[in-house]
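I opened my notebook to look at how two chains meet in a model. My notes follow the structure shown here.

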Number of protein chains: 2
Amino acid sequence: MTAPYELIYYTGVPGRGEHVRLLLEEAGRPYQDTRTLSFGEARDAVVHWKDAGTHGNPKYFAPPLLKHGDLVLSQTPNILLYLGRQLGLAGPQENDAYRVNALALTVLDGLSNEAHDSHHPIALMLPYEEQKEESRRRSQYWIENRLPSHLEYWQKVLEGEKDNPGPWLLGGTFTYADLVLFQCLDGTTYAFPKAMEKFKASGNYDRVFKLWEDVKARPNIAAYLASDRRQKYQDWGIYRHYPENDLIGEPEQQGAL
Amino acid sequence: MTAPYELIYYTGVPGRGEHVRLLLEEAGRPYQDTRTLSFGEARDAVVHWKDAGTHGNPKYFAPPLLKHGDLVLSQTPNILLYLGRQLGLAGPQENDAYRVNALALTVLDGLSNEAHDSHHPIALMLPYEEQKEESRRRSQYWIENRLPSHLEYWQKVLEGEKDNPGPWLLGGTFTYADLVLFQCLDGTTYAFPKAMEKFKASGNYDRVFKLWEDVKARPNIAAYLASDRRQKYQDWGIYRHYPENDLIGEPEQQGAL
């Protein structure tokens, strides 16, 4: 298709739409982005596709959306799978796309969704201030137990590609899963800088932190990150920096581990 | 490939592995299933693929796994996408698979993951009893706000297929997304029978509850559900029936909506 790629998402935070941007930026492909609209216009563009009357049925439960010609895709990992194949970022063999998709799903579940839920453990509809205590409790366990188990998993994946050594999750082959891991590490570090600094200093996850640096240094990504197209983290997105949650030390109940 | 399909998952609960079974059962395809092993043997079969030493790198962060010849796939929606295409359950057009994948991801996020988190809002590693109060608070909001918004979304998707009317999420075309929605409705009803009865009685989600019945009545599915291959829900799986969480009525803070 020669139709343009159109990202439809809120403006003002990187959010889940950021993953879509990173693939298009890495590939050097032009795209339209509702980021350039005002906050209200971007919201209207998102809501437009939720309108069952206009479109037969709602095209999504939550944004981002990618429009490519007549195709309107929702769900971040689904959009990435489609774009990854289109842009040559899903591995050289046909079945590689399933491995890359599994890696992307695992990063998004483990670092993006779990980081989000650390500030909203009770209900999305409630403001943080009304679930602050639960959020602190959840963050403690997350940093002590779950976050390092994710970092350890990625370290093992990176170390395990012995037949095809290289800095990437698929060994010598760069794929969009590397971009997803970069973005989730980046967001988690914004939200939990002290905890991530401790994990970095431990030396146990050197391959993981190296991947983050290696992605940042890719020419198209470096140019993008330095541009005004890169949105800043804000304290209403997926990744929020609440210093009271950025805890290092033992969780409250020592026996629980 | 003529290799057998092998599902590798814990035994004793339907869990996420159940989605894989439903596709294979619907298609009438024979498959191997670690369900037939003892609890310890099934656990060992799962752990085997986490061993970086044996396999170059770990094949998953969490089960289920599907082995098909040399291919070992993880992540439930990823396995379903692969199988859906193999078994002719991902729609007639090539790009239908992206729509079906988006629908499956939305069901799994909204009904399976959110139902799970209702009994583990603070930490996976903590037993329910140590997060009981937070669980009750989360369940209240979930039932009052989030669960009906999911049901409403599925009702709208089903009503919206006006050009291709039929009982399924893709109108007249049955796909694996229908099996995923069936299973998630079934599990949610096990966990929250009073709440789901109230939603059913409201009449607002008649198409959703009809889909559940229509899937149950498909010959291969009906035979499967009546067999001993169908695992029973238990109170250590994704869907747990804690009567104290199956609440109908207003959440604690009336102003919050």
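I looked up the buried area first (the accessible area, taken with a 1.4 Å probe, that two parts lose on being put together, summed over both), and for chain B and chain A I read about 4,600 Å², with 57% of it on carbon and sulfur atoms. I noted that B:Phe61, B:Tyr98 and B:Met125 supply 17% of the area that chain B buries against chain A, more than any other three residues.

I reminded myself that this is a predicted model, in which local features need pLDDT of at least 70, side-chain atom pairs count only at pLDDT 80 or more, and totals for chains, interfaces and linings use all residues. Residues are numbered from 1 along each chain as its sequence is written, chains are lettered from A in the order in which they are written, and side-chain values use heavy atoms, with hydrogens and water left out.

Next I looked up the contact (heavy atoms within 4.5 Å), to which chain B gives 49 residues and chain A gives 49 residues.

I then turned to salt bridges (a side-chain nitrogen of Lys or Arg within 4 Å of a carboxyl oxygen of Asp or Glu) and found 2 between chain B and chain A. One pairs the side chains of B:Arg137 and A:Glu134, at 2.6 Å from N to O.

Helix 6 of chain B gives the most, with 12 residues.

Definitions and conventions: Helices (H or I, at least four residues) and strands (E, at least two) are DSSP runs, numbered from the N terminus.
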